[in-house]
Amino acid sequence: MTQGTQAPSWRARLAELGIRLPPVAAPVASYVPAVRSGQLVFTSGQLPFVDGGLRRTGKVGGSVDPEDAAADAKLCALNALAAVDDLVGLDSVARIVRVVGYVASAEGFSGQPRVVNGASELLGKVFGEAGHHARSAVGVAELPLGAPVEIELTVELR
């Protein structure tokens with residue numbers, strides 16, 4: 001950033017996109033939604049909660065369509081951003097460093113990267129270049145509460 005230029009407002013960018021952050025999802029066990037260590041914030045794995053409940057349950061490639069799961073991954077990313085916002089304020093984010101996505105996968109399903117793209121594409125729309133990140137997309141047998149997808153973020157602060 002050059003002298004005299006203002007840091008981007010990620011909250012304003014969300015508003016431009018017509019996106020509202022949800023309330024921070026209550027933890028389902030003994031942990032906190034996000035922690036700060038130095039200039040990094042690590043979120044706990046976020047599930048696709050809407051109004052305190054899961055949008056859907058099941059395994060991707062089985063009872064859950066991959067496109068629906070990608071929409072769930074986007075919702076998980078929004079829940080993670082809400083946790084970051086609650087802890088440090090969204091506008092203090094310099095960049096998204098890493099995304100880890102877990103996909104509850106039916107036997108033989110290998111499209112985990114496509115599912116986790118739901119989160120990655122949202123972060124790119126909101127943060128632009130600062131949203132480009134390292135990523136893992138992992139297929140798992142089960143996720144908490146039967147969720148089809150779980151997303152965690154690591155963000156760097158300004």
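Figure 1. Welcome to a predicted model, in which local features need pLDDT of at least 70, side-chain atom pairs count only at pLDDT 80 or more, and totals for chains, interfaces and linings use all residues. Residues are numbered from 1 along each chain as its sequence is written, and side-chain values use heavy atoms, with hydrogens and water left out. For burial, under 20% relative accessible area is called buried, over 50% exposed, and anything in between partly exposed, using a 1.4 Å probe and protein chains only. The side chain of R114 meets that of E67 in a salt bridge, at 3.5 Å from N to O. Because R114 sits in helix α3 (residues 112-127) and E67 in helix α2, this pair ties together parts that are 47 residues apart in sequence. E67 is partly exposed too, at 48%. A salt bridge here is a side-chain nitrogen of Lys or Arg within 4 Å of a carboxyl oxygen of Asp or Glu, and a search of the whole structure finds six of them.

Figure 2. Helices (H or I, at least four residues) and strands (E, at least two) are DSSP runs, numbered from the N terminus. R13 is partly exposed at 28% relative accessible area, while E16 is exposed at 60%.

**Figure 3. R55, R56 and D72 are linked in a network of salt bridges.** Take the R55 and D72 pair, whose closest N and O atoms are 3.6 Å apart. R55 belongs to the loop between β4 (53-54) and α2 (66-88), and D72 to helix α2, so their bridge joins parts that are 17 residues apart in sequence. Is D72 buried or exposed? D72 is buried, with a relative accessible area of 0%, whereas R55 counts as partly exposed at 38%.

**Figure 4. Five strands form an open sheet.** Strands are said to pair if DSSP finds at least two bridges between them. In general, the strands of a sheet pair through backbone hydrogen bonds, either parallel or antiparallel. Across this sheet the order is β1-β2-β7-β5-β6, and the pairing is mixed. At the edges stand β1 (34-37) and β6 (134-140), each pairing on one side only. From one strand to the next, the twist averages 15°. β1 pairs with strand β2 (residues 40-43) in the antiparallel sense over four bridges, and R36 stands opposite V41 in β2. Helix α2 packs on the sheet, touching β1, β2, β5 (93-104) and β7, and its direction makes about 40° with that of β7. Such angles run from 0 to 180 degrees between N-to-C directions, with axes fitted as lines to C-alpha atoms, for helices over the stretch in contact.

**Figure 5. E150 and T154 both lie in strand β7.** This strand covers residues 149-157. E150 is buried, with a relative accessible area of 13%, and T154 is also buried, at 13%. Contact means heavy atoms within 4.5 Å. Leaving aside neighbours within four places in sequence, which residues does E150 contact? Its partners are G45, Q46, L47, C76, V100, G101, Y102, L143 and P144. T154 touches L40, V41, F42, I96, V97 and R98, again not counting residues up to four places away in sequence. E150 and P23 are 127 residues apart in sequence, with their C-alpha atoms 17 Å apart in space.

**Figure 6. The protein has three helices and seven strands.** Starting at the N terminus, the elements run α-β-β-β-β-α-β-α-β-β. Of the 158 residues, 43% count as buried. Among contacts between residues at least 6 apart in sequence, 82% join residues at least 24 apart. The C-alpha atoms fill a box of roughly 55 × 30 × 30 Å, taken along the principal axes.
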